[in-house]
Amino acid sequence: MSKIQTKALDAKHPDQRNPSKGRRRSYHGPFYDSPLEAMKAPREELMYVQCSLTGTNTRQHGYLATVDVDPESPCYCQVIHRLHLPYLDDELHRSGWNASSRTFGDTSIERNRLILPCFGSGRIYVVDTGSDQYAPSLCKIIEPREVIRKTNLSFLHSSRCLSSGEIMICALGDAFGNARGGLLLLDPETWEVKGTWECPEDGPVQMCDFWYQPRHNVLISTEWGVPKFFIDGFNPENLRKDIYGRNLHVWDWTTHRLLQTIDLGEDSDPTEIRFLHDPNSAHGFVACFLESSIHHFFKTEDGCWTAEKVIQIPNKKVSGWIYPEMPGFTFYIVISLDDRFLYLSNWVHGDVRQYDITNPHCPKLVGQVFVGGSLQKGGPVTVLKDPELDRQPDPVVIQGKTIQGGPHMLQLSLDGKRLYVTNSLYTPWDKQFYPELVREGSVMLQLDVDTVKGGLSTNKSFLVDLGQEPDGPAWAHGMCYPGGDCTTDIWE
């Protein structure tokens, strides 16, 4: 942190240099009674952002960045702290908390530990955000050898806490990159690896993400693919070979048994999954990455689960790209806490979309904005046929910086009025599709959301430029707030 930043930070938080002066600590037990109550929470002031430096010539370590997102702060849009991790090439992607709003009313529980599973190394970091939320510190390192010894799992992805207090982390495969995924459990007190959640009788399955809805006694997981075939980049020759995922797996929440598998189609590649936030709801959505689509899943009257495709992002016919047709590559979704809007990111096309999902069987597009991507006017790509747009989008320039790469990770403010965006997917894929992003570093952007009629617009006063970091350009992935958010809290 520069002297100017440090001075500004001291002006805003003069007690931060002395822990005895009432520094704000972690969020205690009240949390939020319901998703709608969470929407009334104070505006976010801080954001924790996972930053990777995998495979860089500088051989620097990845880190957890604390970003000031308070517009009243002199450090607005600045990285005010970096927790550098001790190993190289971890490839940080996602994070999860040690507690969620399921603990409403229990003042003995604190949301004070952030879990960082590593996709590249299979390592797990536990970060203390409670002692100083402005400057988190490393609390525990769970080495990959322990994870492998107890579970034979690696390529770690999403993390969420369970009603038991345990931490669940999904893994895409085994240590050799085979499609032997699973759900591993961590003890929230000792941070020991306890084993796997699912019953061994059901055998290993492909994994990517998961969400659970206890009132319907269900957990549903997704499939990305066989890690050893995509960790070095995308190869179209691997399509139609059962390498990329196609299924949703429906699990009994109580017995941990596999109940049902829902086939979404060859190479549909279901990745990010979300139930609606209403704990009574039996509806949810899943993003299908390679198919560039959204499927709606729900429980039928006979108690089984089914899915239907409700959004399809059409390919563009192009020249000047690596393939003659350009898919959207729809990887990430987030749902507003009132279950009214779904947001998705098209990493290759470059747009973020807002859909009204009041009727989950028939989402309506109500907002769209381009924040980079491969379709920008003046670039190497010429669009020959586009069933949606009549012209190519203009380059996005914010505060003099042309935005490279395409939108990937999303995080929505609790009140639903601000949508944050980062634009790195995964280092080998970044190098393949957006080499300029790798050279210049990624960004964190903010979109303003019309929560009445629908609509998205880029906030030109907000830019976190990770190309100007002290250790060289970094690539930003997941984002989360100290007080919980739309992507981690599950109500029961």
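Which strands do the buried residues of α3 pack against? The structure is a predicted model, in which local features need pLDDT of at least 70 and side-chain atom pairs count only at pLDDT 80 or more, while totals for chains, interfaces and linings use all residues. Residues are numbered from 1 along each chain as its sequence is written, and side-chain values use heavy atoms, with hydrogens and water left out.

We can begin with the helix itself. Helices (H or I, at least four residues) and strands (E, at least two) are DSSP runs, numbered from the N terminus. Helix α3 spans residues 144-151, and its buried residues are P144, E146, V147 and T151. Here, buried means under 20% relative accessible area, exposed means over 50%, and partly exposed lies in between (1.4 Å probe, protein chains only). Turned away from the buried side of α3 is a face with the exposed residues R145 and R149. To return to the opening question, the buried residues of α3 pack against β6 (124-128), β7 (137-142), β10 (182-186) and β11 (193-196), where contact means heavy atoms within 4.5 Å.

Strand β8 (residues 154-161) includes S154. Is S154 buried or exposed? With a relative accessible area of 8%, S154 is buried. Leaving aside residues up to four places away in sequence, S154 touches G122, A171, L172, G173, D174 and A175.

Further along the chain is a sheet. Strands of a sheet pair through backbone hydrogen bonds, either parallel or antiparallel. In this open sheet, four strands follow the order β22-β23-β24-β25, with antiparallel pairing; two strands pair if DSSP finds at least two bridges between them. At the edges are β22 (330-335) and β25 (364-370), each pairing on one side only. On average, neighbouring strands of this sheet are turned by 20° against each other, direction ignored. Such axes are lines fitted to C-alpha atoms, for helices over the stretch in contact, and angles run from 0 to 180 degrees between N-to-C directions.

The antiparallel strands β22 and β23 (residues 341-346) are joined by five bridges. T330 has N346 of β23 as its bridge partner, and I335 is partnered by L342 of β23. Together β22 and β23 make a hairpin with five residues between them, and D339 in the turn has a positive phi of about 60°. As for β22, six of its six residues are buried.
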